[in-house]
Amino acid sequence: MKEKIIIFDTTLRDGEQALQSSLNTQEKIKIALALEEMKIDIIEAGFPISSPGDFKSVQEICKKIKNSTICSLARCVEKDIIIAAKAMSKLDNFRIHLFLGTSKLHIESKLKKNFKEIQDMAIKSVKLAQKYTDDIEFSCEDAGRTSIDDLCKIIEILIKNGVKTINIPDTVGYTVPNEFSKIISELYIRVPNIDQAIISVHCHNDLGMAVGNSISAIQAGARQIEGTITGIGERAGNTALEEVIMAIKTRKKMLNFFTDIKYKKIYKTSKIISNICNISIPINKSIIGKNAFAHSSGIHQDGIIKNRKNYEIMSPKDIGLKKIKFNLTSRSGRAAVKNRMQEMGYTEKDYDLKKLYQKFLKLADEKGQIFDYDLQMLAFIKNNSFKKKYIILKKIFFTVQSFQTTNIYIKIFYNNQIKKINLSTKNGIINGIYKALKKITNINFLLKKITIESIYKENKIWGKVNIVVKYKNEIFYGKNISKDIIKASSKSIIDVLNNILQYNQIKKNIKNS
Ligand code: KIV
Ligand code: ZN
């Protein structure tokens, strides 16, 4: 029978402590609600003694979360435990998570104590925490580097004293999977009362082993995995929970476990966390990266068209994404081009695939990426000039009054005439330019994403802008790079508008042809 793996999320504690700037209460509540919606079993809401703000956030999270268990971290220090319990006191059930270093290194050089003193501190703290709740988790900090004899000794005593969850953290991400799973197996062999507690693991990713170690630990007997969605956390981060969850789902026959997680919420939750925490997800990040389900090479795209299973072990739909279109580039083969034409409703009777593919390769080399409207143009319109400049930026001028009101003046060449606009805004220059260009061109597009990145090259700072907009249910992209960030932003919007106008022109030509 499949056994359940408990998912413990520490985005709001281990994850948050790794951010450049801490989150406010409202932001933490939004994350907690998203975690609850995906049915995370335990949410570590914070470390209440660390600051009044953290204390308040834990209190507020307790008011909002109904289904997940809320947990707070505390050192084996009286005031930490009292404050952690106070922060969660409105709840009937909550967990206190105690931690104390158990490796020789931590005991001697950090805590300046001996093993006996550590044992006494641990028992005293457990007893105090039990006055508030019987749901106590105890972390043997740096367990990955703790001697197995000491680890077995302290765990046996902790369980004897009523600790319900024993956490084995690889605090510094030092172990490798077979070594880490051996620690867990040894505990099952050597700790006589081990069956009276849940064994949890909390792995860090310093050597990139966090997910591998966590999976190896459940195979050896652990039944709770700690980590964060996206993998954020101290230094190189924590176990990326989305990876663990999808590994358990995808390899269910091999692993024989299940989680209660609503997979379809994974992508949405990762987006909420990356936006609120201001961390970007690498494009090749497993499960949630932009390319995680993208097939690029001609051979792979062809294989996918024949049978998705050829190159797909999971479906993007599993994590709540819609079907992902192939990225059409010069690496794409004829099969991908034909497939996209088919998706747009054209059969090979409507166009000449051989000719289309030749033109496609030429344009893909020039342009980088080919969109649906490019394909339509290549297939159906003769001698159409590329990247026609329907709109040209002639002048842009702005004044900022004490960062309050921005006055913007824009002059463009559009529809064979000069057009000008004056606009005042309190929302900053870039919002103003977006609004002004929308108004002056009368094109009803919706900004979906803009990334403004500064790069330092040739002794100068450059602004690189990428923009994504929605127009009539299609997605369009624009970009520009300039030493002037305002110019790059304006020109990237104009670039996307030119793409939209070209698309309109193509549609018109196809209709008339
Ligand atoms: O990495 C670690 O050891 C921790 C503990 C507090 C569980 O974060
Ligand atoms: Zn940690």
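User: Which protein atoms are the donors of the zinc ion (ligand 2)?

Analyst: Begin with the atoms that count as donors, then look up where their residues sit. In this predicted model, the zinc ion (ligand 2) has D14 (OD), H202 (NE2) and H204 (NE2) as its protein donors, at 2.0 to 2.1 Å. Water is not among the atoms, so a site may look incomplete. Along the chain the donors follow the spacing D-x187-H-x1-H. D14 belongs to helix α1, while H204 is in the loop between β8 (198-203) and α9 (210-219), so this pair ties together parts that are 190 residues apart in sequence.

User: Are D14 and H204 buried or exposed?

Analyst: The cut-off for buried is under 20% relative accessible area. D14 has 2% relative accessibility and therefore counts as buried. H204, at 4%, is also buried.

User: How many aromatic pairs does the whole structure have?

Analyst: A search of the whole structure gives 11. For each pair, check the distance between ring centres and the angle between planes. F371 and Y477 have ring centres 5.1 Å apart and planes at 15°, so the pair is stacked. F371 sits in the loop between α15 (353-367) and α16 (372-380), and Y477 in strand β16 (residues 474-482), so the contact ties together parts that are 106 residues apart in sequence. F371 is buried at 14% relative accessibility, whereas Y477 is partly exposed with 35%.

The rings of Y373 and Y503 give another geometry: their centres are 5.8 Å apart and their planes stand at 80°, so this pair is edge-to-face. Y373 is part of helix α16 and Y503 of helix α18 (residues 485-512), so parts that are 130 residues apart in sequence are tied together. Y373 is buried, with a relative accessible area of 3%, and Y503 is buried with 7%. Ring pairs link F371, Y373, Y471, F476, Y477 and Y503 into a cluster.

User: Which lysine lies over the face of F445, and which over the face of W462?

Analyst: Here the distance runs from the charge to the ring centre. K438 lies over the face of F445, at 5.7 Å from the ring centre. K457 takes the corresponding place over W462, at 4.9 Å.

User: Where does K112 lie, and where is T230?

Analyst: Read the backbone angle together with the location. K112 is not a glycine, yet has a positive phi of about 50°. K112 is found in the loop between α5 (104-110) and α6 (115-129), and is exposed, with a relative accessible area of 65%. T230, also not a glycine, has a positive phi of about 85°. T230 is placed in the loop between β9 (224-227) and α10 (241-250), and is buried, with a relative accessible area of 12%.

Technical notes. Residues are numbered from 1 along each chain as its sequence is written. Chains are lettered from A and ligands numbered from 1 in the order in which they are written. This is a predicted model: local features need pLDDT of at least 70, side-chain atom pairs count only at pLDDT 80 or more; totals for chains, interfaces and linings use all residues. Side-chain values use heavy atoms; hydrogens and water are left out. Donors are N, O and S atoms within 2.8 Å of the metal (3.2 Å for Na, K and Ca); water is not among the atoms, so sites may look incomplete. Helices (H or I, at least four residues) and strands (E, at least two) are DSSP runs, numbered from the N terminus. Buried means under 20% relative accessible area, exposed over 50%, partly exposed in between (1.4 Å probe, protein chains only). Rings of Phe, Tyr and Trp (its six-membered ring) pair if their centres lie within 6.5 Å; planes under 30 degrees apart count as stacked, over 60 as edge-to-face and the rest as tilted. A charge sits over a ring if NZ of Lys or CZ of Arg is within 6 Å of the ring centre and within 35 degrees of the ring normal.
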